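Welcome! Let us walk through this model together, from the place where its chains meet to the layout inside each one.

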Amino acid sequence: MERLKTGSAEVDEILAGGFPRNAIHIIMGAPGTGKTILAEQLCFANAARDRPVLYLATFSEPLQKLVGFLQEFSFAHPEKLGTEIIYEYVGEDVLTSPQRVTERVEELLTLHRPKIIVIDSFKALADLMPDRSAWRRTLDAIAGMLSAYNTTTFWVGEYTSEMISDLPEFAVADGIVDLARIERGARDERFLRVLKLRGSGFLAGNHAVHLSSRGIEAFHRFITPAAPPDYRPVIERLKSGISQLDDMIATGWLRGTATLVAGPSGAGKTSLGLHFLRAGVDEGEPGLLASFQENPTQLIRVMTHFGWSTKQVLGPGKLDHFYTSPVEIQIDTVAHEIVRRIDTHGVKRVVIDAVSDLQKGASDPLRYRDFLYSLAQMFAARNVTSMLLIETAGVFPGHGLTGYEVSFMSDNILLLEMLLEDKLTRTIRVLKSRGSEHDGRRHALSITQSGVAVD
Amino acid sequence: MQPLNAIEKALILVVERDPHVKRLESFFLEQAGYRVEFADDGLQGLERARILLPRILVTEIMLPRMDGLRVCRALKSNPATKGIAILVFSILSAEDRAREAGADAFLLKPLDDTRLVDTVTKLLRDDREERAWSA
């Protein structure tokens, strides 16, 4: 099946390579969700002088507005307008005689012989029809004519999900891409989802979308890798960065494994993670700290407190710090950035501080659990050793991992607790170390000026 | 590919039931300088071909009353019509079946005006050269 690239490699990946050619596709969504941007982006990505793109603006998308805003995007090359991309305003024809729209489209098709035709907004045409049967006849004629010719058509419209089962254009369309905006507290999240792609597979589900001057960028829903990780044990023991902790696990801390570190705020999780990464840097293993709490300034402060030279620890080939505010987290975007940095820098050790922050960016608990599982599988597939930090609800012992449902995916579990007596005592214990004997007793953990120590 | 002067205004019979394909074929072939006649089904196409003796017959396979491949075989087995060049232009990916039925060329839908006109023009060129060779 021949495909039409969209100008976004990520959107193409979601569409299993792009929109199928010689087909009719609907790009739907509420105003401001990026429909026109996606349509224009794919127009510029496919523009060619011998077979131009024909962009038909109806009255709800005046031509001046379309072309004016278009020039804000880096993908738009104004020199292509009028030759490789031809904008036509059909609003007046539509207003004068809605049922004449088919003739007008045919005139333009035979005149320009376009390889892509966009009608924006297509829904506006239906809204102008005198009745439903008139629209069905017009739709049948337009669809028949567009299907007869070697062109790929996009009907852009402000359709809602409720209209899909009701409006005849959705039965006619070969592909349907829905762009949605969902309010989460004070911020909006944008998603792209493919509802239909006749004769083709696609990545199902909601995929995060960013709109910027570069156009539309998608971050496909993070899923378990298609090829399962190789579970043949790699018997290569790593150092945790705390020698006493290494002594608590007989044969654990193996490369490619995942360790869950759970504890309340202030228990020493981040410090433990930093030691793990620091030990990797000392061994020449690039590390990645993805944090949603410590910003770069705070991180340097912690390192300096431990007496570490930030120059020795941070930088290319050493420790990479990826910081995102917990307020702005969108889990699929975060996952893609983590994967990108792992692949770019050859990262061997990763600390996520904290995966519980990611829960706030997930649409529901089930998605959160699937996401974490996929993340752990991705690390395993790349033989990356990971430490996933989880902030437990309470300060006192007994507030363990209940309710998090993520412990099943980890090879090791460390539980950090804080005992509030006359003085504050931090403790650590190994709850689980898959396939290894371990010391499950509670040990004192102290955070000193030279780092973390375990007794 | 531009039509040769000598083959301009050549008659092409299009056997097609889809009104949109007919309109587009008519537009592009006439614009390229050919005359176009139509038949809506296979039987009518066969009858009109016997009467009109077009230079080229363009036919879909999926047709009412008689499919395009049967039309093709019927024309090619009749000495009076076997000289008509046949282009099977179908939604079915059936190039081999079309060749077996005696078609001279095959194109898969949807309609690409450049490919259609180029193929028709080539068939006319080949036909003209063959006639010149025979003479």
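Nine residues of chain B are in contact with nine residues of chain A, where contact means that the C-beta atoms of two residues, placed from the backbone, lie within 7 Å. On the chain B side, helix α1 of chain B (residues 19-31) gives the largest share, four residues. That side of chain B holds five nonpolar, one polar and three charged residues; here Ala, Val, Leu, Ile, Met, Phe, Trp, Tyr, Cys and Pro count as nonpolar, Asp, Glu, Lys and Arg as charged, and the others, Gly among them, as polar.

A word on what you are looking at: this is a predicted model, in which local features need pLDDT of at least 70 and side-chain atom pairs count only at pLDDT 80 or more, while totals for chains, interfaces and linings use all residues. Residues are numbered from 1 along each chain as its sequence is written, and chains are lettered from A and ligands numbered from 1 in the order in which they are written.

Strand β1 of chain B (residues 11-15) runs parallel to strand β2 of chain B (residues 35-39), and five bridges join them; strands pair if DSSP finds at least two bridges between them. Helices (H or I, at least four residues) and strands (E, at least two) are DSSP runs, numbered from the N terminus. One of the bridges links V14(B) with F38(B) in β2(B).

Four residues from domain 1 of chain A and four from domain 2 of chain A make up the contact.
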